Amino acid sequence: MKQLKDILYKVSIEAVKGSTYVEVADLILDSRNAKSGSLFVALKGAQVDGHQYIDKAVEKGVLVVICEKLPEEITEGVTYIEVNDSHKALALMADNFYDHPSEKLKLIGVTGTNGKTTTATLSHQLFTQLGYNVGLISTVKILIGKKEFTATHTTPDAITINRYLHQMVEEGCEFCFMEVSSHGIEQKRTEGLTFSGGIFTNLSHDHLDYHKTFAAYRDVKKKFFDQLPKNAFALTNADDKNGMFMLQNTPARKKTYALSNIADYQVKILERQLGGMLLTINQKEIWVKLIGTFNASNILAIYATAIELGMDETEVLLQLSTLESVSGRFEYIVSPNELTVIVDYAHTPDALENVLKTIEDIRTRNEQVITVVGCGGDRDKTKRPLMGKIAAEMSDQVVFTSDNPRFEDPHQILNDIEAGVEAQHTRKTITIEDRRQAIKAAIKMANRNDIILIAGKGHETYQDINGVKHDFDDMQIAKEIIELLRK
């Protein structure tokens, strides 16, 4: 329980109706979770306006309502606080309610189009192996030490973030690595948090359904670095054309990493195999279990972060060589007939191109590369033809299929993808809407030693169709089909 007046610290208030000397039991966004003593924050979202549910929340016992517009009817005994920005107010109140947990550990934010999950997850793995109690907030899962919780968003709402950070502090965590999405920054979910460092991975075509223009998408990412404190570090990928842009106005300590350009931290790839890479990091040789140029960049970012946080270089290099790949990120199996099946989360044009380039680097040219790929529904439509173009250009055969169509017509999504295929590559492609049948077709097409890439869903264990999440795990399905075809 906390006093409302204490929860409102630093919140910009327009008007107050009622008393601020009220005991608050919890903060909520969903009126269905309301109970006696709750504080309800009415958020204006893209599809739902929380102001429509104020009366329902009050009926269930809410004692405090935070809103951008006071309701016409005021209920006696309930305190109404009018604010200019409910999203920002929520973030500040959550930080206050949970006793500023981000100040009590070292919170590192990772932002960029691709590589956020790998960088955050492997950083958690590294620091755990270095002997620290560590937290993780990622797309795949949330970890408090070794305790695992299900993730629902790349960057959760401000209440959830602060609740987990508070639990981390209670459990003795010293560090937390957190994915910071453009949606999370734009919707002010990270306002009020104290970051000890920020990492920029890269920027490519994604989320233009939400941000509308690439410049707007880029500028939102930059906001995260602009808000870092002076005693934090800002680490950017100098190989990305937007890398130095991120650092222009940050008050934080500026650091760079790169494969191709001069930077504070540098890496070179000496050797590539399916089982890993031989690298030099700042002139020191290291073998890692991950593969791909993009993963060399991720490994370097992790190394640089550890050094910036004061870790011993020799110990960091030793532990980097033991890191295991993240679920659904270039995860592969080799079947009994030596067919290689790779499952990867690549769901943007840049990510798909990177994965196919990685396969190109390790293949012998005596085998086919067969790609199974689709695009999500109710998301950025402009990337669909680009995905089709890249898949067809860089594969020997392609099966276009359904991803998570959500509420969109799968046929239209597939038409959008196919529109990007250039005429000379159309004979390589087939379309099978049913994802299981598409994977089966790819496996049946394949000969000994061929490589099948199943792209787009990675770690996801469901397929979202018309609001229903059906069990679907790309790797598990592939294993089942391989086993069936052997019989």
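Predicted model: local features only at pLDDT ≥ 70, side-chain atom pairs only at ≥ 80, totals over all residues.
Residues are numbered from 1 along each chain as its sequence is written, and side-chain values use heavy atoms, with hydrogens and water left out.

**Exercise 1.** Work out which strands are the edge strands of the open sheet of 11 strands.

*Solution.* Begin with the order, which is S11-S10-S9-S12-S8-S13-S14-S15-S16-S17-S18, with mixed pairing; strands are DSSP runs (E, at least two residues) numbered from the N terminus, and two of them pair if DSSP finds at least two bridges between them. The edge strands, each pairing on one side only, are S11 (147-150) and S18 (284-288). Within the sheet, S9 (residues 134-137) and S10 (residues 141-144) pair in the antiparallel sense over 3 bridges, and Gly135 has Ile144 in S10 as its bridge partner.

**Exercise 2.** Decide how helices H13 and H14 are oriented to each other, and find the residues that make their contact.

*Solution.* Helices are DSSP runs (H or I, at least four residues), and their axes are lines fitted to C-alpha atoms over the stretch in contact, with angles from 0 to 180 degrees between N-to-C directions. H13 (residues 384-394) and H14 (residues 410-418) pack at about 55°, their axes 6 Å apart. Angles under 35 degrees count as roughly parallel, over 145 as roughly antiparallel, 65 to 115 as roughly perpendicular and the rest as oblique, and H13 and H14 are therefore oblique to each other. The contact (heavy atoms within 4.5 Å) is made by Arg384, Pro385 and Gly388 of H13 with Ile413, Asp416 and Ile417 of H14.
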